[in-house]
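Have the coordinates open, try each task, and then compare your steps with the solution.

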Amino acid sequence: PAHLGRRSIAQQLEILQACKPKVIGIDVKFFAPKEDDPIGDFLLEQALSKVENLVLASEFAVLTDTSSAWDTLFMPTPQFAQYGQTAYVNVGNRETS
């Protein structure tokens, strides 16, 4: 599927962890909690906590029409960020999710 919910991502992480990867990078923007699915957030947090070398997405963005440079940095919510490092995705993209 084109879109996996946080519960499904947590399940996929459990499967990947069984293969003992050296690193897992997730190119998904976890910039805010899912208020409509707190259990999904909880399950994802539990799965992320088990990943030894985790890289989560962060994003520079331009949100104002008057800016000539990136003016915003989106980071994973602290609930998830505490378990890994971040790397930049979609640098300069005006759209956020």
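**Exercise 1.** In which strand does Ser58 lie? Then decide whether Ser58 is buried or exposed, and list its contacts beyond the sequence neighbourhood.

*Solution.* Keep in mind that this is a predicted model.
- Step 1: Ser58 belongs to strand β2, which spans residues 54-61.
- Step 2: The relative accessibility of Ser58 is 0%, and buried means under 20%, so Ser58 counts as buried.
- Step 3: Leaving out residues up to four places away in sequence, Ser58 touches Phe31, Phe74, Met75, Pro76, Thr86, Ala87, Tyr88 and Val89.

**Exercise 2.** Describe how helix α1 and helix α2 are arranged and which residues make their contact.

*Solution.* Two packed helices are described by the angle and the distance between their axes.
- Step 1: The axes of α1 (residues 6-17) and α2 (residues 38-49) come within 8 Å, crossing at roughly 20°.
- Step 2: Angles under 35 degrees count as roughly parallel, therefore α1 and α2 are roughly parallel to each other.
- Step 3: Their crossing is left-handed.
- Step 4: From α1, the contact uses Arg6, Arg7, Ile9, Ala10, Leu13 and Glu14; from α2, Ile39, Gly40, Asp41, Leu43, Leu44, Ala47 and Leu48.
- Step 5: Sorted by type, the residues of this contact are eight nonpolar, one polar and four charged.

**Exercise 3.** Summarise the whole protein: what pattern does it follow along the sequence, and what share of its residues is buried?

*Solution.* 
- Step 1: Count three helices and four strands.
- Step 2: Along the sequence they follow α-β-α-β-β-α-β.
- Step 3: Of the 97 residues, 30% are buried.
- Step 4: Among contacts with a separation of 6 or more, 72% join residues 24 or more positions apart.

Notes: Residues are numbered from 1 along each chain as its sequence is written. This is a predicted model: local features need pLDDT of at least 70, side-chain atom pairs count only at pLDDT 80 or more; totals for chains, interfaces and linings use all residues. Side-chain values use heavy atoms; hydrogens and water are left out. Axes are lines fitted to C-alpha atoms, for helices over the stretch in contact, and angles run from 0 to 180 degrees between N-to-C directions. Helices (H or I, at least four residues) and strands (E, at least two) are DSSP runs, numbered from the N terminus. Angles under 35 degrees count as roughly parallel, over 145 as roughly antiparallel, 65 to 115 as roughly perpendicular and the rest as oblique. A crossing is left-handed if the near helix is turned anticlockwise from the far one by less than a right angle, and right-handed if clockwise. Contact means heavy atoms within 4.5 Å. Ala, Val, Leu, Ile, Met, Phe, Trp, Tyr, Cys and Pro count as nonpolar, Asp, Glu, Lys and Arg as charged, and the others, Gly among them, as polar. Buried means under 20% relative accessible area, exposed over 50%, partly exposed in between (1.4 Å probe, protein chains only).
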